[in-house]
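Here's a quick briefing to read alongside the coordinates. Have the viewer open and follow along.

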Amino acid sequence: MPVRVQTEDFDVARELAVLRAGDPAIGAVAAFIGTVRDVNDSAQVATMTLEHYPGMTEKALAAIVDAAKSRWNIVDALVVHRVGALKPADQIVLVGVTSAHRGEAFAACEFIIDYLKTRAPLWKKEETGEGTRWVEARATDDDAAARWQSRE
Amino acid sequence: MRDAAADTLNLVYLARLREAFGMASERIQPPAGIDTVAALRAWLAARGGTWAAELAPGRAVRIAVNHDVAEPDTPVRAGDEVALFPPVTGG
């Protein structure tokens with residue numbers, strides 16, 4: 001399964017081992033792991049709850065992986081995204097990419113997380129000392145995703 | 001007998017919009033002339049109150065039709081699932 005949405009935690013080493021298992025054509029594995037920070041917009045975060053749109057999320061993530069595969073000469077890619085209640089320091093998301101050489105793996109990995117942050121239907125809600133709040137989308141994330149369009 | 005689901009629009013509200021509207025989904029009979037995403041948004045906003053506030057022109061609302069991101073002129077037909085949600089914040 002190239003994309004998964006799940007409540008349970010993931011083991012990065014095991015996920016990457018499965019991704020590259022038995023393929024000696026792979027010479028590079030790049031990974032990004034997103035984790036929960038304890039402070040956001042100057043408020044202490046006690047719990048972060050992630051909600052998604054079942055059905056569309058998997059479809060959107062698969063489309064992003066397909067776009068990466070058509071754009072770079074990579075062997076395979078994996079996205080695992082958690083939903084539900086998370087605590088500071090918990091893992092949120094894993095993007096793994098395999099390729100023959102590092103350049104493609106690095107670029108495709110960054111592309112996938114940049115697109116995920118602006119296109120996959122997932123939302124973060126924070127519990128802080130001042131109550132709960134939905135995290136606002138950041139213009140800097142839109143800028144990060146837009147960089148890839150200007151390079152086409 | 002026609003399938004009831006095929007005659008209705010299934011509307012899905014997510015994240016902040018689900019809380020603001022007080023419901024996760026509803027089925028509606030698409031009114032005459034409501035055949036695009038933009039028309040549907042305006043029709044829902046005309047309910048007033050929270051609907052008008054959240055769906056006002058200029059508010060950032062994303063809309064998906066059958067799990068694909070839609071544009072204002074994307075067609076909406078009976079049997080479709082139309083989701084309304086705020087800009088995404090995953091990752």
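Is B:His67 buried, partly exposed or exposed, going by its C-beta neighbours inside 10 Å? B:His67 counts as partly exposed, with 17 such neighbours; the scale calls a residue buried at 20 or more other C-beta atoms within 10 Å of its own, exposed at 12 or fewer, and partly exposed in between, with C-beta atoms placed from the backbone.

Keep in mind that this is a predicted model, where local features need pLDDT of at least 70 and side-chain atom pairs count only at pLDDT 80 or more, while totals for chains, interfaces and linings use all residues. Residues are numbered from 1 along each chain as its sequence is written, and chains are lettered from A and ligands numbered from 1 in the order in which they are written.

**Confidence**
- For the complex, the predictor reports an ipTM of 0.92 and a pTM of 0.93.
- Chain B averages a pLDDT of 94, with 96% of its residues at 70 or more; pLDDT is the predictor's confidence in each residue, from 0 to 100.

**Chain A**
- Chain A has 4 helices and 9 strands, where helices (H or I, at least four residues) and strands (E, at least two) are DSSP runs numbered from the N terminus.
- Starting at the N terminus, its elements go β-α-β-β-β-α-β-β-β-α-β-β-α.
- Buried residues account for 34% of the 152 in chain A.
- Of the contacts between residues at least 6 apart in sequence, 76% link residues at least 24 apart; a contact means C-beta atoms, placed from the backbone, within 7 Å.

**Chain B**
- Chain B comes to 3 helices and 5 strands, laid out along the sequence as β-α-β-α-α-β-β-β.
- The radius of gyration of chain B is 13 Å against 12 Å from the globule rule for 91 residues, so it is as compact as a globular protein of that length.
- The 5 strands make an open, mixed sheet in the order β2-β1-β5-β3-β4; strands pair if DSSP finds at least two bridges between them.
- β2 (25-28) and β4 (68-69) of chain B sit at the edges with a single partner strand each, so one side of each has no neighbour in the sheet.
- Strands β3 (residues 62-65) and β5 (residues 81-85) of chain B pair antiparallel over 4 bridges, and B:Val65 has B:Val82 as its bridge partner in β5(B).

- B:His67, in the loop between β3 and β4 of chain B, has a positive phi of about 75° despite not being a glycine.
- A:Ser42 isn't a glycine either, yet has a positive phi of about 60°; A:Ser42 lies in the loop between β3 (39-40) and β4 (43-52) of chain A and is exposed, with 6 other C-beta atoms within 10 Å.

**Core and interface**
- The largest nonpolar core has 55 residues, and A:Val79, A:Ala108, A:Ile112, B:Leu14 and B:Ala83 touch the most other members; such a core is a set of buried Ala, Val, Leu, Ile, Met, Phe, Trp, Tyr and Cys residues joined through C-beta atoms within 7 Å.
- Helix α3 (residues 102-119) of chain A gives this core its largest share, 8 residues.
- Between the chains, 13 residues of chain B are in contact with 22 residues of chain A.

Methods:
Contact = placed C-beta atoms within 7 Å. Rg over C-alpha atoms; globule rule 2.2 N^0.38 Å.
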